[in-house]
Amino acid sequence: MSFLAAALDRVKPSATIAVTDKARVLKAAGRNVIGLGAGEPDFDTPDNIKQAAIKAIQDGKTKYTAVDGIPELKEAIIGKFQRENGLTYKPNQVIVGVGGKQVLYNALMATINPGDQVIIPAPYWVSYPEMVALAGGEPVPVVCTAAHGFKLQPEALEKAITPKTKWLILCSPSNPTGAAYTKAELKALTEVLVKHPHVWIMTDDMYEHLVYDDFVFTTPAQVEPSLYDRTLTVNGVSKAYCMTGWRIGYAGGPAHLIKAMATIQSQSTSNPCSIAQWAAVEALNGPQDFIPANNKVFKERRDLVVSMLNQASGIECPRPEGAFYVYPSCVGTIGKTAPSGKVIDNDEAFVTELLETEGVAVVHGSAFGLGPAFRISYATKTSDLEDACKRIQRFCGNLR
């Protein structure tokens with residue numbers, strides 16, 4: 001009998017972390033590797049946010065805090081939800097966690113019973129189905145094709161709902177595709193959910209501010225107020241504020257759910273880092289002008305990558321509305337043979353051979369629930385992106 005818990009049999013390691021680690025090992029061995037696997041802005045945390053953290057240290061704000069976040073950060077979050085999303089919450093309806101990932105995990109652990117189902121549009125962030133499985137639930141992937149912009153269709157949502165459905169997890173703009181739902185598209189989905197009062201919606205809005213081409217972001221509880229009492233709206237400071245390592249996520253939702261999530265957190269990590277919380281207060285309350293400046297660079301990178309990938313033989317790359325990912329199809333390369341003699345029989349073989357041959361690290365699409373494809377994060381310097389895309393063009397051109 002294994003010493004390890006049987007729950008581990010239900011989950012797989014993160015594919016995005018695995019490819020980043022592999023690229024790091026190859027770099028350490030002296031290989032010229034361009035890592036495009038990590039979803040992390042290359043911009044530094046703004047100075048005003050850093051200074052807020054330094055001041056917190058100097059002021060001795062280094063003790064334990066309330067498990068679910070300091071009052072000042074909760075007030076900043078409440079202000080953000082009201083100002084940007086038209087959503088009103090009280091302090092007992094807000095929780096702060098160690099990154100958005102912990103907030104999502106706490107919500108699932110606090111609500112999932114064996115056999116409960118969670119609808120997850122695919123392609124999905126790799127952690128969603130694994131967290132559901134770890135909590136004892138059943139992930140129900142619903143494939144969303146490129147023909148539909150990688151977006152969940154109302155008819156598909158209706159078909160996926162059963163009496164056992166507890167949650168729908170919706171990420172917009174999406175990791176891994178960058179697809180973002182318009183207000184009309186969200187309205188069509190919320191109209192389905194209104195008819196099924198046993199289904200709750202968990203929204204991952206982490207990429208809210210990373211949208212392009214005049215796209216207007218909206219969130220489900222904003223679009224359909226009648227869903228307010230069964231919506232958990234999750235967000236954080238990681239992406240738009242370039243604070244991935246600070247590990248601060250948060251959510252607004254019904255008080256009884258937030259209380260249950262805080263109970264889970266109280267017996268696991270307890271409070272998030274006090275210093276990072278004070279930095280997040282400044283992030284949400286301070287100047288926001290760097291966000292559109294960063295977005296201008298991200299948009300230029302998106303357009304560069306989409307254009308160059310669409311010039312690669314066998315690759316088709318849609319132009320996403322947001323986030324900092326593209327999700328190109330590599331179906332045109334399947335069945336071909338690389339110069340090494342290896343046959344590209346699936347997208348995992350494609351990305352493995354690409355890394356070995358050209359030193360470009362990307363994540364295979366089947367890890368996100370839809371292949372043959374791969375995900376590129378363009379949150380890295382433009383010169384590296386251009387170099388990487390040239391290498392991908394060369395790699396695809398050498399397949400026979």
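Colleague: How many cavities of 30 Å³ or more are there, and what makes such a space a cavity?

Modeller: The model is a predicted one, and the count in it comes to 2 cavities of 30 Å³ or more. A space is called a cavity because a 1.4 Å probe fits there but cannot get out. The largest cavity holds about 110 Å³ of space. Its lining consists of 14 residues, and Pro121, Pro123, Tyr124, Cys171 and Ser174 lie nearest its centre. Strand 3 and strand 5 are the elements that give two or more residues to this lining. The most comes from strand 5, with 3 residues.

Colleague: What is the volume of the largest pocket, and which residues lie nearest its centre?

Modeller: The volume of the largest pocket is about 650 Å³. Of the 28 residues that line this pocket, Gly39, Lys101, Trp125, Lys239 and Arg247 lie nearest the centre. A pocket is an open set of points, whereas a probe in a cavity cannot get out. Helix 1 (15–28), helix 4 (99–111) and helix 5 each supply at least two residues of the pocket lining. Helix 1 gives the most, with 5 residues.

Colleague: Why is strand 3 said to be largely enclosed?

Modeller: A residue counts as buried when its relative accessible area is under 20%. In strand 3 (residues 117–122), 6 of the 6 residues are buried, so the strand is largely enclosed by the rest of the structure. Both faces are covered: Gln117, Ile119 and Pro121 are buried on one side, and Val118, Ile120 and Ala122 are buried on the other.

Colleague: How do you know that strand 3 pairs with strand 4 and with strand 5?

Modeller: Two strands pair if there are at least two bridges between them. Strand 3 has 6 bridges to strand 4 (residues 138–143), and these two strands run parallel. Among the partners in strand 4, Pro139 is the bridge partner of Val118, and Val142 is that of Pro121. The chain passes from strand 3 through helix 5 (residues 127–134) to strand 4, in a right-handed β-α-β crossover. Strand 3 also has 3 bridges to strand 5 (residues 165–171), again in a parallel arrangement. There, Gln117 stands opposite Thr165. Since at least two bridges are required, the 6 bridges to strand 4 and the 3 bridges to strand 5 both meet the condition.

Colleague: What makes strand 9 and strand 11 edge strands?

Modeller: The sheet in question is open and has 3 strands in the order 9-12-11, with antiparallel pairing. Strand 9 (325–326) and strand 11 (363–364) each have a single partner strand, so one side of each is left without a neighbour in the sheet. Strand 9 pairs with strand 12 (residues 374–377) over 2 bridges in the antiparallel sense. One of these positions is Tyr325, whose bridge partner in strand 12 is Ser377.

Colleague: How do you know that helix 10 has a span close to the expected one, and why is it called largely enclosed?

Modeller: Helix 10 (residues 274–285) has 12 residues, and the distance from its first C-alpha to its last is 17 Å, close to the 16 Å expected at 1.5 Å a residue. The buried residues include Trp278, Val281 and Leu284. Helix 2 (47–58), helix 3 (71–85) and strand 8 (249–252) are among the elements that cover them.

Colleague: Is Asn294 buried or exposed, and what does it touch?

Modeller: Asn294, in helix 11 (residues 290–309), has a relative accessible area of 13%. The limit for a buried residue is under 20%, so Asn294 is buried. Leaving aside residues up to four places away in sequence, Asn294 touches Phe43 and Cys242. Asn294 and Asp42 are 252 residues apart in sequence and 10 Å apart in space, C-alpha to C-alpha.

Colleague: Is Tyr64 buried or exposed?

Modeller: Tyr64 lies in the loop between helix 2 and helix 3. Its relative accessible area is 81%, and a residue is called exposed over 50%, so Tyr64 is exposed. Tyr64 and Ser270 are 206 residues apart in sequence, and their C-alpha atoms are 8.7 Å apart in space.

Technical notes: Residues are numbered from 1 along each chain as its sequence is written. This is a predicted model: local features need pLDDT of at least 70, side-chain atom pairs count only at pLDDT 80 or more; totals for chains, interfaces and linings use all residues. Side-chain values use heavy atoms; hydrogens and water are left out. Buried means under 20% relative accessible area, exposed over 50%, partly exposed in between (1.4 Å probe, protein chains only). Helices (H or I, at least four residues) and strands (E, at least two) are DSSP runs, numbered from the N terminus. A crossover is right-handed if, with the strands pointing away from the viewer, the path from the first strand over the helix to the second runs clockwise. Contact means heavy atoms within 4.5 Å. The expected span of a helix is 1.5 Å times one less than its number of residues. On a 1 Å grid over the protein atoms alone, a cavity is a set of points where a 1.4 Å probe fits but cannot get out, and a pocket is an open set with protein on both sides within 12 Å along at least five of seven lines; lining residues have an atom within 4 Å of a point. Grid points are joined across faces, edges and corners, and a volume is the space filled by probe spheres set on the points.
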